[in-house]
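The sequence and structure come next.

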Amino acid sequence: MAIGDWQWDETLFAGAAPYYRRGRLPYAPGLTRALGDVLALDGRGRLLDVGCGPGTLALDLAHLFADVVGVDPDPGMLSEAERLAREAGVSARTRWIRARAEELPAGLGIFDVVTFGQSFHWMDQERVAAHVLDLLRPGGAFVHVADLKRENRSGGGLPYPPVPHAAVDALVRRYLGPVRRAGRGTLPHGTPGGEAEVIGRVGFAGPQRLVVAGGQVLERSSDDVVAQVFSLSSSAPHLFGPRRAAFEADLRVLLAQASPNGRFSARQPGTEVRVWRKEPASPPS
Ligand SMILES: C[S@@+](CC[C@H](N)C(=O)[O-])C[C@H]1O[C@@H](n2cnc3c(N)ncnc32)[C@H](O)[C@@H]1O
């Protein structure tokens with residue numbers, strides 16, 4: 001998939017996986033229950049989680065399905081997903097497949113729900129959405145999950161200082177240059193939005209939108225913040241090459257200056273869920 005001059009390549013999240021679960025802020029705590037309710041999950045269906053990363057959504061939802069398939073092109077992410085599935089005791093019900101969404105293997109079968117957790121923007125959206133339509137049973141759900149954007153997450157009245165995001169970003173730019181990096185290329189204008197239009201265009205009905213409230217106070221350590229930085233495609237470990245250790249050392253100095261006891265406060269982001277449906281075929285007239 002291409003965005004302007006940028007071409008997807010397999011280094012996009014190289015080295016990020018071991019940092020992902022620790023570094024990324026979780027989805028809002030009510031998400032699993034909200035999805036269970038809105039999708040009427042009863043433990044019997046099949047879930048396909050595309051761009052599953054370390055199984056973030058797939059593992060949270062595994063107890064609500066009989067069969068879960070996670071797909072991701074990054075081998076490190078899949079190893080993490082496998083490890084976390086073992087820890088959660090759901091290995092028998094989960095399967096992890098290395099593939100890009102654009103090249104899903106044949107024979108996956110038909111699913112009740114297909115989820116995309118902050119992954120659809122990396123894909124050839126039209127092609128993937130059209131294929132998902134074929135993979136869903138009539139009435140099945142295409143589910144897009146993302147952190148709520150444009151939310152005030154300021155840290156007023158919190159016990160520790162906020163994570164100094166602007167200073168961290170400036171340090172990343174000092175090492176990696178002024179333009180956002182992504183894999184072997186750069187993304188000057190970020191990834192595309194407009195997914196709702198594409199998903200509607202291929203024939204899905206919806207979306208039904210719900211917001212799972214965030215706002216809870218989270219405590220973050222310097223190690224968590226370092227992990228967060230390395231979990232991002234724009235500052236993934238591979239991008240620093242031999243200067244990786246130097247970058248981490250500078251990052252830790254910056255964090256120690258911002259919070260001498262190594263503790264930060266953050267607010268849990270809200271989670272936005274949009275659900276589209278594959279309309280049941282009309283009865284023959
Ligand atoms: C931001 S992570 C999200 C991981 C997880 N879904 C979550 O909700 O935390 C994006 C994931 O999408 C995967 N990805 C990127 N391009 C992809 C593609 N073309 N097909 C499938 N997955 C892709 C990446 O490897 C990465 O694991």
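## Helix crossing

A crossing of two helices is called left-handed if the near helix is turned anticlockwise from the far one by less than a right angle, and right-handed if the turn is clockwise. In this predicted model, the crossing of H8 and H9 is right-handed.

Helix H8 spans residues 222-231 and helix H9 residues 244-258; their axes come within 10 Å and cross at roughly 135°. H8 is therefore oblique to H9.

## Ligand site

The ligand is surrounded by 22 residues, and the closest are Tyr27, Gly51, Thr56, Asp72 and Ala101. By residue class, the shell around the ligand holds 11 nonpolar, 6 polar and 5 charged residues.

From Thr56, a polar side-chain atom is placed 2.7 Å from an oxygen atom of the ligand. The ligand taken alone exposes 590 Å², of which the protein buries 98%.

## Backbone details

Which form does the peptide bond from Gly206 to Pro207 take, cis or trans? The bond is cis, and its omega is near 10°. Pro207 belongs to strand S10, which covers residues 205-212.

Ala40 has a phi near 50°, a positive value in a residue other than glycine. The loop that holds Ala40 runs between helix H2 (31-38) and strand S3 (46-50).

How values were computed:
Residues are numbered from 1 along each chain as its sequence is written. This is a predicted model: local features need pLDDT of at least 70, side-chain atom pairs count only at pLDDT 80 or more; totals for chains, interfaces and linings use all residues. Side-chain values use heavy atoms; hydrogens and water are left out. A residue is near a molecule or strand if one of its heavy atoms lies within 4 Å of it. A polar contact is a pair of N or O atoms within 3.5 Å; within protein, one must be able to donate a hydrogen and the other to accept it, and residues adjacent in sequence count only if both atoms are side-chain atoms. Accessible areas come from the Shrake-Rupley method with a 1.4 Å probe; for residues, only the protein chains shown count as cover. Ala, Val, Leu, Ile, Met, Phe, Trp, Tyr, Cys and Pro count as nonpolar, Asp, Glu, Lys and Arg as charged, and the others, Gly among them, as polar. Axes are lines fitted to C-alpha atoms, for helices over the stretch in contact, and angles run from 0 to 180 degrees between N-to-C directions. Helices (H or I, at least four residues) and strands (E, at least two) are DSSP runs, numbered from the N terminus. Angles under 35 degrees count as roughly parallel, over 145 as roughly antiparallel, 65 to 115 as roughly perpendicular and the rest as oblique.
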